[in-house]
Amino acid sequence: MEVTAPYAASLRTYLNYLPNVTHIRLLGKAGGPAAELVDLCLEKATSLDIDFSSHWAPIPSNLPSGEHYMRRNSLTHFRYGTHTFRERLSTRITWDFRDEYDMESRSLARLIRDMHTTAESLSLPMETAPLSFMQDLEWPRIRCFSLYGRYEFLSPDSQPRLPAVLSRMSSLRTLHVQARQHPAFLRAPILGRSPPVSIEMTELRSLTLAYPDPEDAIFDLKTPHLTRLSLRDEPRHYLDP
């Protein structure tokens, strides 16, 4: 079921007539979907896709944060889609959205905290994925994990969090890390050259990496079932501010 937010006040009524709906896709507009709408989706769906990737809108403060109650969920699939260069879609004079990104990261952490035992597919923007939160959780059922966007607002010191997260995903079959380069490390450290934790990906079937470091430890892993490998130099942007 596809819904354009925030114009979905009648969603609950629709869902009453569609009791078997399990997948809901929210198409974002400026300001994002209301917290109540997200809660309703968490109540009714096992698969949720919040998509801002194709809209010319400012960065939305779209997920519940602070003291707002967020409904517990058992999502199996969750995708939070944004435009790779979303600051450039904003009408604001400044392109400094660190406060918004921090709030978005906290909100995503609150949303995914309950799904770590049920999640099978998870797709998040690199700049706000709550990796420090995720690294302390087990992800026993996850099969597909995707990070996209940019490293721009991450420091090199934060990179060990990704190996720690991946070490908790023992059943992973598809890994996509497609993030734009960071000025401090032009080749992306996926696991790094000396991973801080032990990682096994024996179930991995598909691996997609952007700007990989050829000496990254991920290329030393035993992946006997790997059938698809994609190495790419994208996304790109040629007009930096």
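Student: In the largest nonpolar core, which residues touch the most other members?

Tutor: This is a predicted model, where local features need pLDDT of at least 70, side-chain atom pairs count only at pLDDT 80 or more, and totals for chains, interfaces and linings use all residues. Residues are numbered from 1 along each chain as its sequence is written, and side-chain values use heavy atoms, leaving out hydrogens and water. A nonpolar core is a set of buried Ala, Val, Leu, Ile, Met, Phe, Trp, Tyr and Cys residues joined through side-chain atoms within 4.5 Å. The largest one has 51 residues, and those touching the most other members are Phe78, Leu122, Met134, Phe145 and Leu175.

Student: And which helix gives the most to this core?

Tutor: Helices here are DSSP runs of H or I, at least four residues, and strands are runs of E, at least two, numbered from the N terminus. With 5 residues, the top giver is helix α2 (residues 35-44).

Student: Is Tyr211 buried or exposed?

Tutor: Tyr211 lies in the loop between β8 (206-210) and β9 (228-232), with a positive phi of about 55 degrees although it is not a glycine. Buried means under 20% relative accessible area, exposed over 50%, partly exposed in between (1.4 Å probe, protein chains only). Tyr211 has 5% relative accessibility, so it counts as buried.

Student: What does Tyr14 count as, at 49% relative accessibility?

Tutor: Tyr14 is in helix α1 (residues 11-17). Because its relative accessibility is 49%, Tyr14 counts as partly exposed.
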